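Reader: Could we go through this model together, beginning with the way its parts pack? I would like the cut-offs stated as we go.

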Amino acid sequence: MKKLIILCAAIISLASCVEKKNSFFVQISDPQLGFMNLSADYSPEAELFSKAIAQVNAMDPEFVVLTGDFIQWRTDTSALAAFDSLRTFFDKDTPVYYLPGNHDVGNDAQAWEVEAFVKRYGHDRFVHKGKDYTVIGFNTSVIKAQTEAEAAEYAWLEGQLAQADKDKPIILAAHFPIFTVTPDEPETYENLPLPMREKYMALFEKYGVDTYLAGHQHKCMGAKHNGIDYVIASALGRQLGDDVHGYTIVTVENGRVLTEYMGVEDKSNN
């Protein structure tokens, strides 16, 4: 583990010389340390995370958002410590936002679990107002579990959407997909309950959301519904489909939101 961290630090020091562009941001989802081997051996995911951080730092995005599931077992203090150690290598000048997945706060998303997440990462939702867009990240774990906190989450999100500049693209980021293939599909482990789905999709449409970014699936998927692009990124960690380990680059050009899923190994020799 120490070897990985030292390697990451060395690459990051070189990245500081790269000219700043800041015309895009990066989404990383489901590093999920420990999932690949289903054991306490989280070294494969740690190596991938280290590479991804170095590559992201070299690209110098406006910010980075991690859309949940940081480790496989949230009670695994060793994996959690490794994740916390690695994340310190993100460029200090680049904001990094953390959104909870079900492996971070549990499938029930109890209040004390969410509070512990906020204490550790500083937030479980955020608003980033860029020059050409607004990005709002929120906690879908409390929505999926339909906890008492869901009503407050909805009210907060609506308030932020109401304040967003409607002349610029509005992008949402979260862990759970709203749906995976069609908006009327049955509820499964992968999507939101149908009443919640309908409630939030109506909210998105009311305020003119352009793009919804999610993770959780561990494979790339996507659909367009009523003018909104629903984009599901595959995992930085273990794959459950045919994709590669990677992250998503999100760019806004001439008012259009463009997403590109980039494999970590595509840049492994850089």
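**Helices, sheets and salt bridges**

Author: Helix H8 (residues 194–206) lies across E6, strand E7 (211–214), E8 and strand E9 (228–232), and runs at about 130° to E9. Helices (H or I, at least four residues) and strands (E, at least two) are DSSP runs, numbered from the N terminus. Angles run from 0 to 180 degrees between N-to-C directions, with axes as lines fitted to C-alpha atoms, for helices over the stretch in contact.

Reader: What should I know about the source of the coordinates?

Author: This is a predicted model, in which local features need pLDDT of at least 70 and side-chain atom pairs count only at pLDDT 80 or more, while totals for chains, interfaces and linings use all residues. Residues are numbered from 1 along each chain as its sequence is written, and side-chain values use heavy atoms, with hydrogens and water left out.

Reader: In what order do the strands of the sheet with E4 and E5 run?

Author: The order is E4-E5-E6-E7-E9-E8, an open sheet of 6 strands with mixed pairing. Two strands pair if DSSP finds at least two bridges between them. E4 and strand E8 (221–225) are the edge strands, each pairing on one side only. On average, neighbouring strands of this sheet are turned by 15° against each other, direction ignored.

Reader: How many bridges hold E5 and E6 together?

Author: Strand E5 (residues 134–137) and strand E6 (residues 170–173) pair over 4 bridges in the parallel sense. Ile171 in E6 is the bridge partner of Val135. H7 packs on this sheet and touches E4, E5 and E6, its direction making about 180° with that of E5. Contact here means heavy atoms within 4.5 Å.

Reader: And the sheet of 5 strands, what is its order?

Author: That open sheet reads E3-E2-E1-E10-E11, also with mixed pairing. Its edge strands are strand E3 (96–99) and strand E11 (256–263), and each pairs on one side only. Neighbouring strands of this sheet are turned by 20° against each other on average, direction ignored. Strand E2 (residues 64–67) and E3 run parallel and are joined by 4 bridges. Thr67 stands opposite Leu99 in E3.

Reader: Changing topic to charges: how many salt bridges does a search of the whole structure find?

Author: The search finds 9 salt bridges. The criterion is a side-chain nitrogen of Lys or Arg within 4 Å of a carboxyl oxygen of Asp or Glu. Side chains of opposite charge can pair when their charged atoms come close.

Reader: Which side chain does Arg87 meet in a salt bridge?

Author: Arg87 meets Asp84 at 2.8 Å, N to O. Both lie in helix H3 (residues 77–87), 3 residues apart, about one turn of the helix.

Reader: Are they buried or exposed?

Author: Arg87 counts as buried because its relative accessibility is 18%. Asp84 is buried too, with a relative accessible area of 16%. Buried means under 20% relative accessible area, exposed over 50%, and partly exposed in between (1.4 Å probe, protein chains only).

Reader: What else is Arg87 in contact with?

Author: Leaving aside its neighbours within four places in sequence, Arg87 is in contact with Phe49, Ile53, Tyr98, Arg120 and Tyr121.

Reader: Where does Arg120 come into the salt bridges?

Author: The side chains of Arg120 and Asp84 meet in a salt bridge of 2.6 Å, N to O. That pair links distant parts of the chain, with Arg120 in helix H5 (residues 111–121) and Asp84 in helix H3, 36 residues apart. Arg120 counts as partly exposed because its relative accessibility is 38%.

Reader: Which side chain meets Arg125?

Author: Glu153 does, at 3.0 Å from N to O. This pair also links distant parts of the chain: Glu153 lies in helix H7 (residues 150–163) and Arg125 in the loop between H5 and strand E4 (126–129), 28 residues apart. Glu153 is buried, with a relative accessible area of 4%, whereas Arg125 is partly exposed at 28%. Salt bridges that share partners join Asp84, Arg87 and Arg120 into one network.

Reader: Finally, what does the secondary structure of the chain come to?

Author: It comes to 8 helices and 11 strands. Of the 270 residues, 56% count as buried. The C-alpha atoms fill a box of roughly 50 × 40 × 35 Å, taken along the principal axes.
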